[in-house]
Amino acid sequence: MSVSGPDSLAWWVHDLEPEIVRFGETLAIRWYGVSYLLGFVAVALLLRLYHARERSPLGREEQASALTAIILGVVLGGRLGYMVLYDLADFLRNPLLLIKVWEGGMASHGGFVGCALACAWIARTHGLPFLRVSDICVTLAPPGLFFGRVANFINGELWGKASEVGWAVIFPASAPPGTPTELIVPRHPSQLYEAGLEGIALGFYIQWRFWQGQPKDRPDGYLAGEFLVAYAILRILGEQFREPDAGLIIGMSRGIVYSLCLILAGLGLIWLSGWLARRRRTVAQSPAKS
């Protein structure tokens, strides 16, 4: 279905179903859940590829435990992050909202924190440097970000700002229930913009950096810092077209504010990785004391 605009533009009316198939009154397979499954499948395949090409110390058994840790980190971190960063008041009133994942609400910034904790667990369990594990884990994120944003679009949620560009979309959920379609404002499909930025563009960049040279030639943690900075910049760019889905902080959307914090964290990680590398070289070059 499409609706014509004032300049004879025909805007598509979003009518995609978030559910693939329903079983009874409460159980259903949703595109959002499938997007997470596809993201985790991509993680498993990449981990296997990295080890086969000698780019990762995680063997078959380590990959299984790492995948489990990443899944828990993404899901728990994403959900808790959403409740704390975007819906804190309701969460404090009813902490049980944390387990009502079927009602929606995941935050990528919270997922990053959960992944950082997963990296710490993987490193500790398998006796690996935390920063080296982090460099591997950040390369696994873009496919999941891509599938998640596409699922946001299918769900008709997290829509963009009002626009009359030819590819704008009319999201019925963006207006009060019962609003005639012809009165609903068309909007940027910002979910697809973010899928292209955070998923495709960031994915190509981080993979190029990961395969460039040898891992030993790059300080541990440097790639993770690059990822955080690059993601934050692309997220801020995408936020220019996205309608804020929560209250502003000092006049900026929460996505922008949290991304600015990621930039600081990423720059700090880049500095730390460089400092540790210089320190190791200094120690190695120092004459041994008898």
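**Briefing: a strand pairing, a helix contact and a cavity**

In strand β4, I29 is the bridge partner of V21. The model is a predicted one, in which local features need pLDDT of at least 70 and side-chain atom pairs count only at pLDDT 80 or more, while totals for chains, interfaces and linings use all residues. Residues are numbered from 1 along each chain as its sequence is written, and side-chain values use heavy atoms, with hydrogens and water left out.

**Overall layout**
- The chain has nine helices and five strands, these being DSSP runs numbered from the N terminus (helices H or I, at least four residues; strands E, at least two).
- Along the principal axes, the C-alpha atoms of the chain fill a box of roughly 85 × 45 × 40 Å.

**Helices α4 and α8**
- Helix α4 (residues 108-126) packs with helix α8 (residues 222-239) at an angle of about 170°, their axes lying 13 Å apart; axes are lines fitted to C-alpha atoms, for helices over the stretch in contact, and angles run from 0 to 180 degrees between N-to-C directions.
- The two helices α4 and α8 are therefore roughly antiparallel to each other, a term for angles over 145 degrees.
- S108, H109 and F112 of α4 make the contact with F227, Y231 and R235 of α8, contact meaning heavy atoms within 4.5 Å.

**Cavity**
- A search of the whole structure finds one cavity of 30 Å³ or more, a cavity being a set of points on a 1 Å grid over the protein atoms alone where a 1.4 Å probe fits but cannot get out.
- The largest cavity has a volume of about 30 Å³, volume being the space filled by probe spheres set on the points.
- Its lining residues, which have an atom within 4 Å of a point, are Y86, E239, P244, D245, A246, S253, R254 and G255.

Methods
Parallel < 35°, antiparallel > 145°, perpendicular 65-115°, else oblique. 1 Å grid on protein atoms, 1.4 Å probe; cavity = no way out; pocket = protein on both sides within 12 Å on 5 of 7 lines; lining within 4 Å. Pairing = 2+ DSSP bridges.
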